[in-house]
Amino acid sequence: MSTPVIQTENLSYVYSKGTPFEKTAVENVNIQIEKGAFVGVIGHTGSGKSTLIQHFNGLLAPTSGKIWIDGEDMWANPKEIRKFRFKVGLVFQYPEYQLFEETVYKDIAFGPTNMGLSQEEIDQRVREAAGFVGLTEEQMAKSPFELSGGQKRRVAIAGVLAMRPEVLILDEPTAGLDPRGRELILGQIQEYHRRNGNTILLVSHSMEDVAKYAQKALVMNDSRVFMYDDVDKVFAHAGEIEQMGLSVPQITRIFLRLAQLGYPVSSDVYTIEQAKAQLMTLLKKGERPNA
Amino acid sequence: MLKDITIGQYFPGKSIVHRLDPRMKIILTVLFIIMLFTANNFAGMGVGILFLVVGYLVSRIPFSMIGKSIKPVVPIIVFTAVLNMFFIEGGRVLFEIWVLKITTEGLSLAAMMALRIICLIAGTSLLTYTTSPIALTDGIERLMSPLKHLKVPVHELAMMMTIALRFIPTLIEETDKIMSAQKARGADMESGGVMQRAKALVPILIPLFVSSFRRAEELALAMECRCYHGGEGRTRMKQLKLSYLDFVCCGFVVFCLLATIVCNNLLPSVY
(Lines give C-alpha, C1' and ligand atoms only; values in the text may rest on other atoms or scores of the structure.)
Protein backbone atom coordinates (compact mmCIF):
# COMPACT_ATOMS: atom_id res chain seq x y z
CA MET A 1 0.00 0.00 0.00
CA SER A 2 1.26 3.48 -0.77
CA THR A 3 1.87 6.01 1.97
CA PRO A 4 -1.35 7.54 3.21
CA VAL A 5 -1.60 11.23 2.37
CA ILE A 6 -2.72 12.08 5.90
CA GLN A 7 -1.82 9.98 8.87
CA THR A 8 -2.28 10.75 12.53
CA GLU A 9 -1.11 9.00 15.62
CA ASN A 10 -2.78 9.58 18.99
CA LEU A 11 -3.65 13.07 17.93
CA SER A 12 -5.24 15.11 20.71
CA TYR A 13 -6.04 18.76 21.03
CA VAL A 14 -7.05 20.64 24.15
CA TYR A 15 -8.34 24.22 24.01
CA SER A 16 -7.12 26.70 26.64
CA LYS A 17 -5.02 24.13 28.41
CA GLY A 18 -4.33 24.94 32.02
CA THR A 19 -7.22 27.36 32.46
CA PRO A 20 -10.68 26.79 33.92
CA PHE A 21 -12.00 26.81 30.35
CA GLU A 22 -9.99 23.77 29.33
CA LYS A 23 -11.80 21.65 26.79
CA THR A 24 -10.70 18.60 24.88
CA ALA A 25 -11.78 19.03 21.28
CA VAL A 26 -10.03 16.09 19.67
CA GLU A 27 -9.00 12.98 21.51
CA ASN A 28 -6.70 10.20 20.47
CA VAL A 29 -7.32 10.22 16.75
CA ASN A 30 -5.58 7.56 14.69
CA ILE A 31 -6.48 7.62 11.03
CA GLN A 32 -4.92 7.05 7.66
CA ILE A 33 -6.42 8.74 4.67
CA GLU A 34 -5.48 7.22 1.34
CA LYS A 35 -4.33 9.28 -1.58
CA GLY A 36 -7.11 10.18 -3.96
CA ALA A 37 -9.97 9.38 -1.62
CA PHE A 38 -13.12 11.48 -1.45
CA VAL A 39 -13.96 11.48 2.22
CA GLY A 40 -17.11 12.83 3.81
CA VAL A 41 -16.51 14.05 7.35
CA ILE A 42 -19.61 13.93 9.48
CA GLY A 43 -20.40 14.58 13.10
CA HIS A 44 -22.69 16.98 14.85
CA THR A 45 -21.75 20.45 16.03
CA GLY A 46 -19.02 20.37 18.63
CA SER A 47 -17.90 16.84 17.78
CA GLY A 48 -14.43 18.12 16.94
CA LYS A 49 -14.47 17.87 13.16
CA SER A 50 -13.53 21.50 12.55
CA THR A 51 -10.70 21.24 15.05
CA LEU A 52 -9.48 18.04 13.47
CA ILE A 53 -9.37 19.41 9.95
CA GLN A 54 -7.47 22.48 11.09
CA HIS A 55 -4.71 20.14 12.16
CA PHE A 56 -4.37 18.74 8.68
CA ASN A 57 -2.91 21.93 7.28
CA GLY A 58 -1.07 23.05 10.36
CA LEU A 59 -3.33 25.85 11.55
CA LEU A 60 -3.50 24.09 14.87
CA ALA A 61 -0.63 22.19 16.38
CA PRO A 62 -1.64 19.05 18.24
CA THR A 63 -1.42 19.18 22.02
CA SER A 64 -0.10 15.64 21.79
CA GLY A 65 0.35 13.09 19.03
CA LYS A 66 1.71 13.33 15.52
CA ILE A 67 0.58 14.02 11.99
CA TRP A 68 2.25 12.99 8.77
CA ILE A 69 1.41 14.51 5.44
CA ASP A 70 2.63 12.35 2.58
CA GLY A 71 4.84 10.51 5.03
CA GLU A 72 6.45 13.71 6.26
CA ASP A 73 6.22 14.67 9.92
CA MET A 74 4.33 17.94 9.91
CA TRP A 75 5.77 19.52 13.03
CA ALA A 76 9.34 18.26 12.63
CA ASN A 77 10.29 21.81 11.74
CA PRO A 78 7.61 24.31 12.80
CA LYS A 79 9.21 27.03 10.70
CA GLU A 80 8.33 25.22 7.52
CA ILE A 81 4.70 24.76 8.37
CA ARG A 82 3.66 27.04 5.52
CA LYS A 83 4.72 24.42 3.01
CA PHE A 84 1.99 22.14 4.32
CA ARG A 85 -0.59 24.88 4.02
CA PHE A 86 0.01 24.84 0.27
CA LYS A 87 -0.11 21.10 0.14
CA VAL A 88 -3.34 20.84 2.07
CA GLY A 89 -5.83 23.49 1.02
CA LEU A 90 -8.50 24.35 3.55
CA VAL A 91 -11.72 26.11 2.65
CA PHE A 92 -13.38 27.41 5.79
CA GLN A 93 -17.04 27.66 6.58
CA TYR A 94 -18.54 30.77 5.00
CA PRO A 95 -15.31 31.43 3.12
CA GLU A 96 -16.84 34.44 1.34
CA TYR A 97 -16.05 36.57 4.40
CA GLN A 98 -12.33 36.25 3.79
CA LEU A 99 -12.38 38.06 0.42
CA PHE A 100 -10.53 41.34 0.52
CA GLU A 101 -8.91 42.26 -2.78
CA GLU A 102 -10.07 44.88 -5.27
CA THR A 103 -10.89 42.34 -7.92
CA VAL A 104 -11.92 38.74 -8.00
CA TYR A 105 -8.81 37.96 -10.03
CA LYS A 106 -6.47 39.41 -7.43
CA ASP A 107 -8.25 37.63 -4.64
CA ILE A 108 -7.89 34.25 -6.27
CA ALA A 109 -4.23 35.09 -6.93
CA PHE A 110 -3.57 35.74 -3.23
CA GLY A 111 -2.72 32.12 -2.43
CA PRO A 112 -0.50 31.44 -5.46
CA THR A 113 1.28 34.77 -4.93
CA ASN A 114 2.06 33.73 -1.36
CA MET A 115 3.58 30.59 -2.79
CA GLY A 116 6.07 32.74 -4.63
CA LEU A 117 5.20 31.51 -8.10
CA SER A 118 6.03 33.28 -11.33
CA GLN A 119 3.57 35.71 -12.89
CA GLU A 120 2.64 33.38 -15.77
CA GLU A 121 2.18 30.45 -13.45
CA ILE A 122 -0.08 32.52 -11.21
CA ASP A 123 -2.12 33.73 -14.16
CA GLN A 124 -2.54 30.23 -15.48
CA ARG A 125 -3.60 28.87 -12.11
CA VAL A 126 -6.04 31.67 -11.43
CA ARG A 127 -7.74 31.16 -14.78
CA GLU A 128 -7.87 27.44 -14.33
CA ALA A 129 -9.35 27.70 -10.84
CA ALA A 130 -11.85 30.32 -11.95
CA GLY A 131 -12.85 28.12 -14.85
CA PHE A 132 -13.45 25.25 -12.47
CA VAL A 133 -15.91 27.12 -10.35
CA GLY A 134 -17.53 28.70 -13.38
CA LEU A 135 -16.52 32.33 -13.02
CA THR A 136 -16.66 34.38 -16.20
CA GLU A 137 -13.96 36.68 -17.49
CA GLU A 138 -16.23 39.61 -16.79
CA GLN A 139 -16.69 38.62 -13.18
CA MET A 140 -12.94 38.34 -12.71
CA ALA A 141 -12.54 42.09 -13.13
CA LYS A 142 -15.30 42.90 -10.66
CA SER A 143 -14.89 43.66 -7.00
CA PRO A 144 -15.68 40.53 -4.98
CA PHE A 145 -18.11 42.60 -2.94
CA GLU A 146 -20.34 43.14 -5.96
CA LEU A 147 -21.05 39.46 -6.41
CA SER A 148 -23.89 37.42 -5.00
CA GLY A 149 -23.41 35.15 -1.99
CA GLY A 150 -23.04 31.97 -4.03
CA GLN A 151 -20.63 33.62 -6.45
CA LYS A 152 -18.52 34.98 -3.59
CA ARG A 153 -18.30 31.52 -2.15
CA ARG A 154 -17.11 30.13 -5.46
CA VAL A 155 -14.46 32.85 -5.65
CA ALA A 156 -13.25 31.86 -2.19
CA ILE A 157 -13.11 28.21 -3.18
CA ALA A 158 -11.23 29.11 -6.34
CA GLY A 159 -8.76 31.00 -4.14
CA VAL A 160 -7.83 27.73 -2.50
CA LEU A 161 -8.02 25.63 -5.68
CA ALA A 162 -5.53 27.98 -7.34
CA MET A 163 -2.87 26.76 -4.93
CA ARG A 164 -3.39 23.30 -6.47
CA PRO A 165 -3.35 21.56 -3.12
CA GLU A 166 -2.82 17.84 -3.07
CA VAL A 167 -5.49 17.56 -0.43
CA LEU A 168 -8.54 19.78 -0.52
CA ILE A 169 -10.54 20.15 2.66
CA LEU A 170 -13.88 21.91 2.59
CA ASP A 171 -15.73 22.79 5.76
CA GLU A 172 -19.40 22.82 4.90
CA PRO A 173 -19.01 24.51 1.55
CA THR A 174 -22.74 24.54 0.94
CA ALA A 175 -23.94 26.01 4.25
CA GLY A 176 -26.58 28.63 3.63
CA LEU A 177 -26.88 28.06 -0.10
CA ASP A 178 -30.05 27.15 -1.99
CA PRO A 179 -30.36 23.64 -3.48
CA ARG A 180 -29.15 24.82 -6.87
CA GLY A 181 -26.09 26.51 -5.40
CA ARG A 182 -25.32 23.35 -3.43
CA GLU A 183 -25.54 21.09 -6.46
CA LEU A 184 -23.38 23.46 -8.44
CA ILE A 185 -20.59 23.68 -5.90
CA LEU A 186 -20.59 20.02 -4.99
CA GLY A 187 -20.70 19.04 -8.66
CA GLN A 188 -17.70 21.25 -9.34
CA ILE A 189 -15.81 19.72 -6.45
CA GLN A 190 -16.63 16.24 -7.69
CA GLU A 191 -15.48 17.17 -11.16
CA TYR A 192 -12.26 18.55 -9.72
CA HIS A 193 -11.70 15.30 -7.87
CA ARG A 194 -12.40 13.23 -10.95
CA ARG A 195 -10.05 15.21 -13.14
CA ASN A 196 -7.08 15.66 -10.84
CA GLY A 197 -7.42 12.69 -8.55
CA ASN A 198 -6.73 14.80 -5.48
CA THR A 199 -7.72 13.76 -2.02
CA ILE A 200 -10.83 15.55 -0.87
CA LEU A 201 -12.28 15.91 2.60
CA LEU A 202 -15.78 17.27 2.66
CA VAL A 203 -17.23 18.26 6.00
CA SER A 204 -20.98 18.17 5.75
CA HIS A 205 -24.12 17.98 7.80
CA SER A 206 -26.04 16.51 4.95
CA MET A 207 -25.89 12.74 4.83
CA GLU A 208 -27.43 12.87 1.38
CA ASP A 209 -24.45 14.86 0.12
CA VAL A 210 -21.96 12.53 1.73
CA ALA A 211 -23.77 9.52 0.31
CA LYS A 212 -23.91 11.04 -3.13
CA TYR A 213 -20.38 12.37 -3.47
CA ALA A 214 -18.04 10.67 -1.02
CA GLN A 215 -16.47 7.23 -1.23
CA LYS A 216 -15.52 7.05 2.39
CA ALA A 217 -16.94 8.56 5.53
CA LEU A 218 -15.23 9.72 8.69
CA VAL A 219 -17.64 9.91 11.59
CA MET A 220 -16.67 12.05 14.54
CA ASN A 221 -18.47 11.78 17.84
CA ASP A 222 -17.64 13.39 21.14
CA SER A 223 -14.07 14.39 20.14
CA ARG A 224 -13.23 10.92 18.88
CA VAL A 225 -13.29 9.18 15.55
CA PHE A 226 -16.22 6.83 15.70
CA MET A 227 -15.67 5.23 12.34
CA TYR A 228 -13.68 5.63 9.19
CA ASP A 229 -14.79 3.34 6.41
CA ASP A 230 -16.49 3.06 3.06
CA VAL A 231 -19.73 4.98 2.88
CA ASP A 232 -21.96 1.91 2.59
CA LYS A 233 -20.33 0.25 5.57
CA VAL A 234 -20.73 3.40 7.63
CA PHE A 235 -24.39 3.82 6.78
CA ALA A 236 -25.01 0.20 7.61
CA HIS A 237 -24.51 1.31 11.22
CA ALA A 238 -27.58 3.47 10.95
CA GLY A 239 -28.75 2.72 14.47
CA GLU A 240 -25.56 3.89 16.16
CA ILE A 241 -25.26 6.90 13.89
CA GLU A 242 -28.78 8.00 14.72
CA GLN A 243 -28.05 7.57 18.39
CA MET A 244 -25.29 10.15 18.04
CA GLY A 245 -27.86 12.64 16.92
CA LEU A 246 -26.87 12.32 13.28
CA SER A 247 -29.06 10.96 10.59
CA VAL A 248 -28.55 8.58 7.73
CA PRO A 249 -29.80 9.48 4.25
CA GLN A 250 -33.57 9.41 3.91
CA ILE A 251 -33.39 6.68 1.34
CA THR A 252 -31.38 4.50 3.72
CA ARG A 253 -34.02 5.01 6.36
CA ILE A 254 -36.75 3.89 3.94
CA PHE A 255 -34.85 0.74 3.08
CA LEU A 256 -34.13 -0.04 6.70
CA ARG A 257 -37.86 0.20 7.36
CA LEU A 258 -38.63 -1.98 4.33
CA ALA A 259 -36.22 -4.58 5.62
CA GLN A 260 -37.89 -4.37 9.01
CA LEU A 261 -41.24 -4.98 7.39
CA GLY A 262 -39.81 -8.13 5.92
CA TYR A 263 -39.03 -7.13 2.35
CA PRO A 264 -35.92 -8.82 0.99
CA VAL A 265 -33.90 -5.64 0.48
CA SER A 266 -30.38 -4.88 1.58
CA SER A 267 -29.93 -2.26 4.27
CA ASP A 268 -26.89 -0.53 2.80
CA VAL A 269 -28.76 1.48 0.21
CA TYR A 270 -27.77 5.11 0.33
CA THR A 271 -28.28 6.61 -3.10
CA ILE A 272 -31.31 6.96 -5.31
CA GLU A 273 -29.70 4.83 -8.04
CA GLN A 274 -29.12 1.91 -5.73
CA ALA A 275 -32.64 2.29 -4.43
CA LYS A 276 -34.04 2.25 -7.91
CA ALA A 277 -32.17 -0.91 -8.82
CA GLN A 278 -33.36 -2.67 -5.72
CA LEU A 279 -36.94 -1.58 -6.14
CA MET A 280 -36.97 -2.63 -9.77
CA THR A 281 -35.86 -6.19 -8.98
CA LEU A 282 -38.34 -6.25 -6.15
CA LEU A 283 -41.19 -5.22 -8.42
CA LYS A 284 -40.18 -7.60 -11.19
CA LYS A 285 -40.26 -10.53 -8.86
CA GLY A 286 -43.54 -9.32 -7.49
CA GLU A 287 -42.26 -9.82 -3.94
CA ARG A 288 -44.48 -9.54 -0.94
CA PRO A 289 -43.32 -9.24 2.66
CA ASN A 290 -42.04 -12.56 4.00
CA ALA A 291 -43.71 -12.14 7.31
CA MET B 1 -4.81 32.65 21.16
CA LEU B 2 -6.93 35.73 20.69
CA LYS B 3 -9.75 34.10 22.56
CA ASP B 4 -7.77 34.16 25.75
CA ILE B 5 -7.83 37.93 26.01
CA THR B 6 -10.37 38.95 28.60
CA ILE B 7 -12.26 42.06 27.74
CA GLY B 8 -13.60 43.86 30.72
CA GLN B 9 -12.46 42.27 33.90
CA TYR B 10 -15.68 40.99 35.28
CA PHE B 11 -15.10 38.24 37.78
CA PRO B 12 -18.48 36.54 38.22
CA GLY B 13 -19.69 35.93 41.73
CA LYS B 14 -22.61 36.26 44.09
CA SER B 15 -21.06 38.18 46.96
CA ILE B 16 -22.57 41.22 48.65
CA VAL B 17 -20.32 43.48 46.60
CA HIS B 18 -21.47 41.81 43.39
CA ARG B 19 -25.09 42.33 44.33
CA LEU B 20 -24.78 46.00 45.12
CA ASP B 21 -26.57 48.44 42.90
CA PRO B 22 -24.09 49.50 40.19
CA ARG B 23 -25.04 53.15 40.75
CA MET B 24 -24.14 52.85 44.41
CA LYS B 25 -20.90 51.11 43.52
CA ILE B 26 -19.90 53.90 41.17
CA ILE B 27 -20.70 56.55 43.79
CA LEU B 28 -18.83 54.61 46.45
CA THR B 29 -15.82 54.28 44.19
CA VAL B 30 -15.81 58.04 43.72
CA LEU B 31 -16.05 58.47 47.49
CA PHE B 32 -13.17 56.06 47.91
CA ILE B 33 -11.05 58.09 45.50
CA ILE B 34 -11.88 61.26 47.45
CA MET B 35 -10.87 59.42 50.60
CA LEU B 36 -7.51 58.51 49.11
CA PHE B 37 -6.80 62.07 48.16
CA THR B 38 -7.91 63.49 51.50
CA ALA B 39 -5.59 61.21 53.42
CA ASN B 40 -2.38 63.07 54.16
CA ASN B 41 -0.68 60.64 56.52
CA PHE B 42 -0.09 56.92 56.75
CA ALA B 43 -2.86 56.35 59.24
CA GLY B 44 -5.40 57.79 56.82
CA MET B 45 -3.96 55.72 53.99
CA GLY B 46 -4.14 52.74 56.32
CA VAL B 47 -7.89 53.23 56.55
CA GLY B 48 -8.04 53.13 52.76
CA ILE B 49 -6.01 49.94 52.64
CA LEU B 50 -8.15 48.39 55.34
CA PHE B 51 -11.23 49.26 53.32
CA LEU B 52 -9.73 47.57 50.26
CA VAL B 53 -8.83 44.43 52.19
CA VAL B 54 -12.38 44.20 53.51
CA GLY B 55 -13.79 44.87 50.04
CA TYR B 56 -11.70 42.16 48.38
CA LEU B 57 -12.37 39.66 51.16
CA VAL B 58 -16.11 40.22 51.07
CA SER B 59 -16.29 40.00 47.28
CA ARG B 60 -14.06 36.87 47.25
CA ILE B 61 -11.84 38.29 44.53
CA PRO B 62 -8.40 36.73 44.97
CA PHE B 63 -5.76 39.25 46.01
CA SER B 64 -3.58 38.08 43.13
CA MET B 65 -6.02 39.90 40.86
CA ILE B 66 -4.81 43.21 42.31
CA GLY B 67 -1.35 42.40 41.08
CA LYS B 68 -2.76 41.72 37.64
CA SER B 69 -4.46 45.09 37.42
CA ILE B 70 -1.47 46.99 38.82
CA LYS B 71 1.02 45.43 36.44
CA PRO B 72 0.46 47.86 33.55
CA VAL B 73 0.89 50.94 35.77
CA VAL B 74 4.05 49.81 37.52
CA PRO B 75 6.21 52.17 35.42
CA ILE B 76 4.07 55.13 36.49
CA ILE B 77 4.28 54.12 40.12
CA VAL B 78 8.04 53.72 39.97
CA PHE B 79 8.44 57.01 38.10
CA THR B 80 6.37 58.95 40.64
CA ALA B 81 8.05 57.34 43.58
CA VAL B 82 11.56 57.97 42.25
CA LEU B 83 10.81 61.61 41.45
CA ASN B 84 9.37 62.21 44.89
CA MET B 85 12.19 60.39 46.55
CA PHE B 86 14.88 62.56 44.98
CA PHE B 87 13.27 65.93 44.66
CA ILE B 88 11.44 66.42 47.93
CA GLU B 89 13.71 67.83 50.53
CA GLY B 90 13.06 67.99 54.22
CA GLY B 91 13.72 66.05 57.35
CA ARG B 92 16.85 64.08 57.89
CA VAL B 93 19.22 63.40 55.01
CA LEU B 94 19.64 59.67 54.71
CA PHE B 95 21.80 59.35 51.66
CA GLU B 96 23.59 61.71 49.34
CA ILE B 97 25.54 61.44 46.11
CA TRP B 98 26.39 64.39 43.91
CA VAL B 99 23.19 66.48 43.62
CA LEU B 100 20.90 63.64 44.56
CA LYS B 101 19.67 63.57 48.11
CA ILE B 102 17.32 61.20 49.77
CA THR B 103 15.59 62.61 52.80
CA THR B 104 13.15 61.08 55.26
CA GLU B 105 10.42 63.35 54.04
CA GLY B 106 11.10 62.54 50.42
CA LEU B 107 11.03 58.87 51.22
CA SER B 108 7.75 58.97 53.12
CA LEU B 109 6.13 61.09 50.44
CA ALA B 110 7.30 58.66 47.77
CA ALA B 111 5.82 55.79 49.74
CA MET B 112 2.60 57.74 50.19
CA MET B 113 2.29 58.47 46.47
CA ALA B 114 3.01 54.90 45.48
CA LEU B 115 0.46 53.63 47.99
CA ARG B 116 -2.10 56.11 46.74
CA ILE B 117 -1.76 55.00 43.12
CA ILE B 118 -1.85 51.33 44.07
CA CYS B 119 -4.98 51.84 46.16
CA LEU B 120 -6.55 53.86 43.39
CA ILE B 121 -6.07 51.08 40.88
CA ALA B 122 -7.03 48.34 43.30
CA GLY B 123 -10.19 50.23 44.33
CA THR B 124 -11.41 50.96 40.83
CA SER B 125 -10.56 47.40 39.82
CA LEU B 126 -12.81 46.16 42.60
CA LEU B 127 -15.62 47.97 40.83
CA THR B 128 -14.89 46.43 37.44
CA TYR B 129 -14.20 42.99 38.90
CA THR B 130 -17.55 42.84 40.63
CA THR B 131 -19.73 44.62 38.07
CA SER B 132 -20.48 43.21 34.65
CA PRO B 133 -19.84 45.72 31.86
CA ILE B 134 -23.54 45.81 31.07
CA ALA B 135 -24.50 46.61 34.66
CA LEU B 136 -21.80 49.24 34.67
CA THR B 137 -23.15 51.02 31.60
CA ASP B 138 -26.60 50.74 33.06
CA GLY B 139 -25.42 52.42 36.23
CA ILE B 140 -23.60 55.13 34.32
CA GLU B 141 -26.66 55.81 32.22
CA ARG B 142 -28.87 56.23 35.25
CA LEU B 143 -26.35 58.35 37.10
CA MET B 144 -25.92 60.64 34.12
CA SER B 145 -29.61 60.87 33.33
CA PRO B 146 -29.94 64.36 34.86
CA LEU B 147 -27.67 65.51 32.03
CA LYS B 148 -30.53 64.78 29.64
CA HIS B 149 -31.92 68.17 30.57
CA LEU B 150 -28.75 69.66 29.14
CA LYS B 151 -29.47 67.82 25.87
CA VAL B 152 -26.70 65.26 26.42
CA PRO B 153 -27.78 62.07 24.61
CA VAL B 154 -27.20 59.91 27.66
CA HIS B 155 -29.29 56.96 26.56
CA GLU B 156 -27.71 56.86 23.12
CA LEU B 157 -24.22 56.97 24.58
CA ALA B 158 -25.02 54.14 26.95
CA MET B 159 -26.59 52.10 24.14
CA MET B 160 -23.48 52.62 22.03
CA MET B 161 -21.30 51.44 24.86
CA THR B 162 -23.49 48.40 25.47
CA ILE B 163 -23.41 47.44 21.81
CA ALA B 164 -19.66 47.92 21.63
CA LEU B 165 -19.15 45.69 24.65
CA ARG B 166 -21.50 43.12 23.24
CA PHE B 167 -19.61 42.91 19.96
CA ILE B 168 -16.05 42.75 21.23
CA PRO B 169 -16.06 38.96 21.72
CA THR B 170 -17.83 38.50 18.40
CA LEU B 171 -15.22 40.57 16.61
CA ILE B 172 -12.39 38.72 18.30
CA GLU B 173 -13.85 35.44 17.17
CA GLU B 174 -14.27 36.80 13.67
CA THR B 175 -10.70 38.08 13.57
CA ASP B 176 -9.52 34.66 14.63
CA LYS B 177 -11.48 33.03 11.85
CA ILE B 178 -10.32 35.41 9.15
CA MET B 179 -6.73 35.07 10.29
CA SER B 180 -6.95 31.30 10.04
CA ALA B 181 -8.53 31.53 6.62
CA GLN B 182 -5.81 33.82 5.28
CA LYS B 183 -3.10 31.71 6.87
CA ALA B 184 -4.61 28.73 5.10
CA ARG B 185 -4.01 30.64 1.88
CA GLY B 186 -0.40 31.04 2.84
CA ALA B 187 -0.52 34.53 4.37
CA ASP B 188 2.62 35.01 6.39
CA MET B 189 2.04 37.04 9.51
CA GLU B 190 4.87 35.93 11.68
CA SER B 191 7.90 37.05 9.77
CA GLY B 192 9.22 40.10 7.99
CA GLY B 193 9.87 43.71 8.99
CA VAL B 194 7.41 46.26 10.31
CA MET B 195 6.25 47.31 6.85
CA GLN B 196 5.73 43.74 5.75
CA ARG B 197 3.79 42.93 8.86
CA ALA B 198 1.62 45.99 8.46
CA LYS B 199 0.93 44.95 4.90
CA ALA B 200 0.07 41.46 6.04
CA LEU B 201 -2.74 42.96 8.12
CA VAL B 202 -4.63 44.20 5.06
CA PRO B 203 -6.14 40.78 4.23
CA ILE B 204 -7.46 40.64 7.80
CA LEU B 205 -8.61 44.20 8.33
CA ILE B 206 -10.59 44.57 5.12
CA PRO B 207 -12.82 41.53 5.65
CA LEU B 208 -13.17 42.57 9.28
CA PHE B 209 -14.34 46.06 8.33
CA VAL B 210 -16.71 44.71 5.74
CA SER B 211 -18.27 42.30 8.17
CA SER B 212 -18.48 44.96 10.89
CA PHE B 213 -20.48 47.18 8.60
CA ARG B 214 -22.67 44.28 7.63
CA ARG B 215 -23.26 43.42 11.26
CA ALA B 216 -24.01 47.03 12.15
CA GLU B 217 -26.55 47.22 9.37
CA GLU B 218 -28.18 43.96 10.39
CA LEU B 219 -28.29 44.98 14.02
CA ALA B 220 -29.82 48.36 13.19
CA LEU B 221 -32.45 46.64 11.11
CA ALA B 222 -33.17 44.08 13.81
CA MET B 223 -33.50 46.82 16.41
CA GLU B 224 -35.85 48.78 14.23
CA CYS B 225 -37.93 45.68 13.61
CA ARG B 226 -38.40 45.50 17.33
CA CYS B 227 -39.55 49.11 17.34
CA TYR B 228 -36.48 50.62 18.91
CA HIS B 229 -36.50 54.37 18.55
CA GLY B 230 -34.25 55.74 21.23
CA GLY B 231 -34.61 55.99 24.95
CA GLU B 232 -37.87 57.94 25.10
CA GLY B 233 -40.46 56.06 27.09
CA ARG B 234 -38.41 52.87 27.28
CA THR B 235 -38.91 50.72 30.34
CA ARG B 236 -36.31 48.28 31.59
CA MET B 237 -36.46 44.64 32.39
CA LYS B 238 -33.90 44.94 35.15
CA GLN B 239 -34.96 47.77 37.39
CA LEU B 240 -32.17 49.15 39.48
CA LYS B 241 -33.29 49.32 43.08
CA LEU B 242 -31.40 50.47 46.12
CA SER B 243 -31.72 47.94 48.89
CA TYR B 244 -30.83 48.31 52.53
CA LEU B 245 -27.54 46.56 51.70
CA ASP B 246 -26.57 49.51 49.52
CA PHE B 247 -27.14 51.90 52.38
CA VAL B 248 -25.16 49.72 54.78
CA CYS B 249 -22.19 49.75 52.39
CA CYS B 250 -22.62 53.46 51.82
CA GLY B 251 -22.55 53.95 55.58
CA PHE B 252 -19.36 51.92 55.80
CA VAL B 253 -17.65 54.03 53.15
CA VAL B 254 -18.77 57.28 54.75
CA PHE B 255 -17.48 55.99 58.07
CA CYS B 256 -14.10 55.22 56.46
CA LEU B 257 -14.03 58.68 54.94
CA LEU B 258 -14.71 60.24 58.32
CA ALA B 259 -12.02 58.07 59.88
CA THR B 260 -9.56 59.37 57.32
CA ILE B 261 -10.47 62.95 58.10
CA VAL B 262 -10.08 62.27 61.83
CA CYS B 263 -6.65 60.74 61.17
CA ASN B 264 -5.70 63.81 59.19
CA ASN B 265 -6.57 66.06 62.09
CA LEU B 266 -5.08 63.99 64.88
CA LEU B 267 -1.79 63.01 63.32
CA PRO B 268 0.81 65.12 61.55
CA SER B 269 0.67 65.29 57.78
CA VAL B 270 3.55 63.91 55.73
CA TYR B 271 3.52 66.98 53.52
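## The interface between chains B and A

In this predicted model, 17 residues of chain B are in contact with 21 residues of chain A. The size of an interface is often given as the accessible area lost when the parts come together. Here the area buried between chain B and chain A is about 1,700 Å², and carbon and sulfur atoms give 60% of that area. On the side of chain B, the residues that lose the most area to chain A are B:A184, B:R185 and B:G186, which together account for 38% of what that side buries.

## Polar links and the make-up of the chain B side

Between chain B and chain A the count is one salt bridge, and A:D107 forms a salt bridge with B:R185, with the closest N and O atoms 2.9 Å apart. Four residue pairs are in polar contact between chain B and chain A, where both residues have pLDDT 80 or more.

The elements of chain B that give two or more residues to the side touching chain A are α8 (154-184) and α10 (202-225). The residues of that side divide into nine nonpolar, three polar and five charged.

## A nonpolar patch on chain B

Strand β1 (residues 93-97) of chain B gives the largest share of the nonpolar patch, three residues, while B:L107 has its place in helix α6 (residues 104-130) of chain B.

Definitions and conventions: Residues are numbered from 1 along each chain as its sequence is written. Chains are lettered from A and ligands numbered from 1 in the order in which they are written. This is a predicted model: local features need pLDDT of at least 70, side-chain atom pairs count only at pLDDT 80 or more; totals for chains, interfaces and linings use all residues. Side-chain values use heavy atoms; hydrogens and water are left out. Contact means heavy atoms within 4.5 Å. Buried area is the accessible area (1.4 Å probe) that two parts lose on being put together, summed over both. A salt bridge is a side-chain nitrogen of Lys or Arg within 4 Å of a carboxyl oxygen of Asp or Glu. A polar contact is a pair of N or O atoms within 3.5 Å; within protein, one must be able to donate a hydrogen and the other to accept it, and residues adjacent in sequence count only if both atoms are side-chain atoms. Helices (H or I, at least four residues) and strands (E, at least two) are DSSP runs, numbered from the N terminus. Ala, Val, Leu, Ile, Met, Phe, Trp, Tyr, Cys and Pro count as nonpolar, Asp, Glu, Lys and Arg as charged, and the others, Gly among them, as polar.
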